Amino acid sequence: MAWDEWEQLKNQAAHKQSARMQLNQLPADGGDGGGSTPQGDLTVDQKDLAAIGDRAFKLWEDLGRYGRDAWSSSQTAASDLKTQGFTLGGAVDRVQSRWEEQLTSLLDACAHISNHMDFTKKAHQGDEYYIGGQISSISTLDKGFDGGKGH
């Protein structure tokens, strides 16, 4: 592609008004963006948190089981190749070492996600209990005021 053609395409793209991106704000007309999702507070569903945590834990289990099997097989192969005098054994050994580092990193990340979802779920349950208590206290207080209206 010639440089002039590239510049022309860039200018055309810059002049198009139909495809604009908006981040973290409502459209200029004040609408809700055309979607049916209400704007407002972030909601957390306990079922969703549990599902994310469960999937992360399952991934951690499977990676631990099958990833370690691959690691063990490559370690054996590297050792056998070195014993037989193949220089490829050293390369396989290096790959196996990197595999172990990456697998450990991924296992740690999965465990972190799973643990964090468990913590978040418990924290939000505590928040729900506290908020529910506060709201019921307000309701009780409101009833007391409603009873005194006719006096």
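Residues are numbered from 1 along each chain as its sequence is written, and side-chain values use heavy atoms, with hydrogens and water left out. Since the model is predicted, local features need pLDDT of at least 70 and side-chain atom pairs count only at pLDDT 80 or more, while totals for chains, interfaces and linings use all residues.

**Exercise 1. State how many helices and strands the protein has, and give their order.**

Step 1. Helices (H or I, at least four residues) and strands (E, at least two) are DSSP runs, numbered from the N terminus.
Step 2. The protein has 3 helices and 0 strands.
Step 3. Read from the N terminus, the elements run α-α-α.

**Exercise 2. Find the buried residues of H2, and decide whether Gln 96 is buried or exposed.**

Step 1. Buried means under 20% relative accessible area, exposed over 50%, and partly exposed in between (1.4 Å probe, protein chains only).
Step 2. Of the 151 residues of the protein, 11% count as buried.
Step 3. In H2 the buried residues are Leu 49, Gly 53, Ala 56, Leu 63, Gly 67, Ser 74 and Ala 78.
Step 4. Gln 96 lies in helix H3 (residues 88–147). Its relative accessibility is 7%, so Gln 96 counts as buried.
Step 5. A contact means heavy atoms within 4.5 Å. Setting aside neighbours within four places in sequence, Gln 96 is in contact with Trp 71, Ser 74 and Gln 75.
Step 6. Among contacts in the protein with a separation of 6 or more, 65% are between residues 24 or more positions apart.

**Exercise 3. Trace the salt bridges that link Lys 58, Asp 62 and Arg 65, then describe the pair Arg 98 and Glu 101.**

Step 1. Side chains of opposite charge can pair when their charged atoms come close. A salt bridge here is a side-chain nitrogen of Lys or Arg within 4 Å of a carboxyl oxygen of Asp or Glu, and by this rule the count comes to 5.
Step 2. Lys 58 bridges to Asp 62, with the closest N and O atoms 3.3 Å apart. The two are 4 residues apart in helix H2, so about one helical turn separates them.
Step 3. Asp 62 also meets Arg 65 in a salt bridge of 3.4 Å, N to O. These residues are 3 apart in H2, again about one turn.
Step 4. Lys 58 is partly exposed at 37%, Asp 62 at 22% and Arg 65 at 41%.
Step 5. Arg 98 and Glu 101 form a salt bridge with closest N and O atoms 2.7 Å apart. Both lie in helix H3, 3 residues apart. Arg 98 is partly exposed at 37%, and Glu 101 at 40%.

**Exercise 4. Identify which residues form a nonpolar surface patch, and give their accessible area.**

Step 1. Patches are made of residues with over 30% relative accessible area and no salt bridge; like charges are joined within 9 Å, nonpolar side chains (Val, Leu, Ile, Met, Phe, Trp, Tyr) within 5 Å.
Step 2. Trp 3, Trp 6 and Leu 9 form such a nonpolar patch, with about 360 Å² of accessible area together.
Step 3. Trp 6 lies in helix H1 (residues 3–15) and is partly exposed at 40%.

Conventions
Areas by Shrake-Rupley, 256 points an atom, 1.4 Å probe, with all protein chains shown as cover.
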